[in-house]
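Please keep the sequence and the model at hand while reading.

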Amino acid sequence: MKTYTLYLFRHGITKGNLNAQYIGHTDLPLTTDSISSLKSIKAHQHYPNVDAVFSSPLKRCKDSAKIMFPENNILVIDDFIEYNFGEFEGLTAEELKDNEDFKKWLHGDAYASTPFGESNAQFAQRICAAFEKVVDGCIKTGTNNFAIVGHAGVLMTILSCYGLPEAPMAHWQMDAGYGYKLRITPSLWMQAKKLEVIDTSPTSLEELNKS
């Protein structure tokens with residue numbers, strides 16, 4: 001049976017990441033060191049050859065995608081943008097530790113939301129709707145191999161909602177420039193909306209030569 005391959009890669013690092021800030025829609029660029037790090041990963045390991053690359057609209061994802069996949073056109077999916085942190089945008093957990101709204105959001109359920117931001121449920125619904133459209137479109141067009149370069153929260157949401165083995169979001173943490181390789185079997189996708197997580201990625205050149 002025909003299967004499809006999907007890769008999920010986390011974008012490179014920004015100053016906001018280094019400062020442990022909540023950075024959602026703020027369009028921060030990659031740091032100079034992070035650009036060098038992504039180029040080093042590409043030089044010493046193997047980003048796969050893919051037929052299509054999808055990205056968040058923010059620079060940190062688009063610019064990472066251009067380094068990882070310089071020969072591909074980057075297809076921007078607006079709904080793959082990071083969480084809307086509302087009033088918490090740009091602040092750190094330390095700065096917010098005495099904020100009652102922050103405490104309620106941090107320890108709340110899926111419907112807890114940030115002030116003037118979005119709830120966890122709204123975020124997940126947005127990401128899942130966009131992701132299903134991408135997968136359905138790639139199956140329909142016969143796009144065999146494709147990649148998504150995105151934000152950690154976005155990719156971890158995808159993996160926790162659709163990945164096999166099933167695991168909570170925290171299980172799917174990934175370093176900048178790295179991610180996972182997934183196999184899409186159309187029958188499994190159509191019946192259960194599930195994907196098999198089969199490996200981490202990128203693959204080292206040493207491991208690639210062994211295969």
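## Terms and basis

A residue is called buried when its relative accessible area is under 20%, exposed when that area is over 50%, and partly exposed in between, as computed with a 1.4 Å probe on protein chains only. A salt bridge here is a side-chain nitrogen of Lys or Arg within 4 Å of a carboxyl oxygen of Asp or Glu. Helices (H or I, at least four residues) and strands (E, at least two) are DSSP runs, numbered from the N terminus.

The model is predicted, with local features needing pLDDT of at least 70 and side-chain atom pairs counting only at pLDDT 80 or more, while totals for chains, interfaces and linings use all residues. Residues are numbered from 1 along each chain as its sequence is written, and side-chain values use heavy atoms, leaving out hydrogens and water.

## A pair within one helix

A search of the whole structure finds five salt bridges, one of which joins Lys103 to Glu100, with 3.3 Å between the closest N and O atoms. Both residues belong to helix α5 (residues 100-107), where a spacing of three residues separates them by about one helical turn. Lys103 is partly exposed at 33%, and Glu100 is also partly exposed, at 48%.

## Pairs across the chain

Lys194 and Glu166 form a salt bridge with an N to O distance of 3.1 Å. Lys194 lies in the loop between α8 (186-192) and β8 (195-201) and Glu166 in the loop between β6 (163-164) and β7 (179-184), so the contact ties together parts 28 residues apart in sequence. Lys194 is buried at 15%, whereas Glu166 is exposed at 58%.

Arg183 pairs with Glu196 in a salt bridge whose closest N and O atoms are 3.2 Å apart. This pair links distant parts of the chain, with Arg183 in strand β7 and Glu196 in strand β8, 13 residues apart.
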